[in-house]
Amino acid sequence: EGVSMRVPNPPSLPFADHSLESATASSLSHRPSTSFQGEPVRDFVQENKRNASSRPRSAASRSELSAPRRQPLSKIMRMVKGMLRRNQDNFENQLDLSSFRMEHDGASFVAQTLVEERLSILKMVNCELSDQSIVAVTTALQDMGEDCTLEELHLGVNAFSLKGLEPLTDWLRWDGMLRVLDLQLNKIGDLGCKLLAHALEKNAILQVSGCAQACTLPLRRLWFAAGVKSPRKQYHR
């Protein structure tokens, strides 16, 4: 009445007597050392380990890769023209070229634009401006004379030194329009701060920021050494 069926045993696996880890290790140990064409097989893992000591860990360790590239004159001209168009739409009279690093020809073009457009605010922070570039901007301001309309000049975080600051402080002595001057993180030194102190003595309306980072001595001590009273209202940290 009832029929019983016998189920056959499953076939044995090739690695039934070993664990999966031992089988994998055994297969890797018997990997052929040559390809089908007879050429040796490259071990890229070992090659990378051997070459790791000769490679830099990041681009920051190689100056040719980590140094920011300065923008060409053509790009600076396009940027300036675009900003001038926006100024007309927004009824503004300023240029903000911060972080656009440029050569001397780019700074000269910006200085020419300063005169032609009679700008009131010019921001060139972190533009890698050299002493030659600062002289070009100062020359443009001097050429404007009493017609100068610039009220704010931001030149922080650049590459100019005392050589570029000297003509700027000479212009500050007789200019009566500039209200704000930003010089933070520039290598002007103690002598540069003394020159600024003399300029502030003549220019009572100018406010200078960023001098504390450029001096090795307290500003009050430098002003005292230069024979200038401390212009507290004109100085901002």
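Trp171 is buried, with a relative accessibility of 0%. Here, buried means under 20% relative accessible area, exposed means over 50%, and partly exposed lies in between (1.4 Å probe, protein chains only). The model is predicted, so local features need pLDDT of at least 70 and side-chain atom pairs count only at pLDDT 80 or more, while totals for chains, interfaces and linings use all residues. Residues are numbered from 1 along each chain as its sequence is written, and side-chain values use heavy atoms, with hydrogens and water left out.

Aromatic rings were examined next. Rings of Phe, Tyr and Trp (its six-membered ring) pair if their centres lie within 6.5 Å; planes under 30 degrees apart count as stacked, over 60 as edge-to-face and the rest as tilted. The count is one aromatic pair. The ring centres of Trp171 and Trp174 are 6.5 Å apart and the planes stand at 85°, so this pair is edge-to-face. Both residues belong to helix 7 (residues 162-174), three residues apart, or about one turn of the helix. Helices (H or I, at least four residues) and strands (E, at least two) are DSSP runs, numbered from the N terminus. Trp174 is partly exposed, at 46% relative accessibility.

The largest nonpolar core has 42 residues. Such a core is a set of buried Ala, Val, Leu, Ile, Met, Phe, Trp, Tyr and Cys residues joined through side-chain atoms within 4.5 Å. Met102, Leu153, Leu155, Leu181, Leu183 and Leu196 touch the most other members. At least two core residues come from each of helix 4 (73-90), helix 5 (104-117), helix 6 (131-144), helix 7 and helix 8 (189-202). Contact means heavy atoms within 4.5 Å. Leaving aside residues up to four places away in sequence, the contacts of Met102 include Ile76, Leu97, Val110, Met124, Cys127 and Glu128.

Cys127 is itself buried, at 0% relative accessible area. Cys148 is buried as well, at 4% relative accessibility. The disulfide count is zero, a disulfide being a pair of cysteine sulfur atoms within 2.5 Å.

Backbone angles pick out two further residues. Glu128, a contact of Met102, has a positive phi of about 60° although it is not a glycine. Glu128 sits in the loop between strand 2 (121-123) and helix 6, and is partly exposed at 26% relative accessible area. Phe91, also not a glycine, has a positive phi of about 55°. Phe91 lies in the loop between helix 4 and strand 1 (94-96). Phe91 is exposed, at 79% relative accessibility.
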